Amino acid sequence: MATPLSHLVVPLTLSVALGPDIVSPGLLALALACAVLPDLDALGLWLGIPYEHPLGHRGLTHSLPFAVAMAGAGALFAPALGADASIAFGVLLVSAASHGLLDASTNGGLGVALFSPFSHRRIFLPWRVIEVSPLRPSALFSRRGLRVLRSEIRWVWGPCGVLALAGMALRRLAGLV
């Protein structure tokens, strides 16, 4: 998996690129939650659910259909979040779907069930450039953890930073800043 820090980068990028008039603080908070929520399935490891089980780590909660369901449910709260429902759906969908896609870009694990519940087959994307993160949070502060963070800075944070700056520049050019 990618680290929780890198999963948070995607909704933060959307917020910066689109601006606070489109991504309200409430919508950003929900998008941040949607970006990390899929990893709740890791608790299953301690509950005896095998990794490769459909409800195991990188199973159903990492799938694109699950991301659509989360975005749909979250969009129902758009008025309370100070956001347009279609914008909320899009921001939440990208935030939630990015989790499985980032994990499918890592160089370890058993793959991601991106199409669960329709298919429980676990896959990786053709490019597996992100160093897989250790499951134990304490291991993030090890030599391996630093290697993971360097990889994520290169393959996630850097590209997201470019997109955030490009979005800000486009908003400025359009006079929306």
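1. Leu37, Leu40, Leu43, Leu45, Trp46 and Leu47 together make a nonpolar surface patch of about 640 Å². A patch here is built from residues with over 30% relative accessible area and no salt bridge, like charges being joined within 9 Å and nonpolar side chains (Val, Leu, Ile, Met, Phe, Trp, Tyr) within 5 Å; the accessible areas come from the Shrake-Rupley method with a 1.4 Å probe, and for residues only the protein chains shown count as cover. One of these residues, Leu47, is found in helix H3, residues 43-47 (helices, H or I of at least four residues, and strands, E of at least two, are DSSP runs numbered from the N terminus). Leu47 is exposed, with a relative accessible area of 70%, where exposed means over 50%, buried under 20% and partly exposed in between, with a 1.4 Å probe and protein chains only.

2. The model is predicted, so local features need pLDDT of at least 70 and side-chain atom pairs count only at pLDDT 80 or more, while totals for chains, interfaces and linings use all residues. Residues are numbered from 1 along each chain as its sequence is written, and side-chain values use heavy atoms, with hydrogens and water left out.

3. A search of the whole structure finds 2 salt bridges, a salt bridge being a side-chain nitrogen of Lys or Arg within 4 Å of a carboxyl oxygen of Asp or Glu. In one of them the side chains of Asp103 and Arg58 meet at 3.9 Å, N to O. Asp103 lies in helix H6 (residues 85-103) and Arg58 in the loop between H3 and helix H4 (64-75), so this pair ties together parts that are 45 residues apart in sequence. Both partners are buried, Asp103 with a relative accessible area of 0% and Arg58 with one of 1%.

4. Glu131 forms a salt bridge with Arg147, and the closest N and O atoms are 3.7 Å apart. Glu131 lies in the loop between H6 and helix H7 (143-173), whereas Arg147 is in helix H7, so the pair ties together parts that are 16 residues apart in sequence. Arg147 counts as partly exposed, at 36% relative accessibility.

5. The count of disulfides comes to 0, a disulfide being a pair of cysteine sulfur atoms within 2.5 Å. Cys34 is in no disulfide, and the nearest cysteine sulfur, that of Cys160, is 16 Å away, which is too far for a bond. Cys34 is buried, with a relative accessible area of 5%, and Cys160 also counts as buried, at 11% relative accessibility.

6. The charged end of Arg128 sits over the ring of Phe124, 3.4 Å from its centre; the criterion is that NZ of Lys or CZ of Arg is within 6 Å of the ring centre and within 35 degrees of the ring normal.

7. A cis peptide bond, with omega of about 15 degrees, joins Ser116 and Pro117, and Pro117 lies in the loop between H6 and H7.

8. Val23 has its place in the loop between helix H1 (4-18) and helix H2 (25-36), and Val23 is buried, with a relative accessible area of 3%. The C-alpha atoms of Val23 and Arg143 are separated by 36 Å, and these residues are 120 residues apart along the chain.
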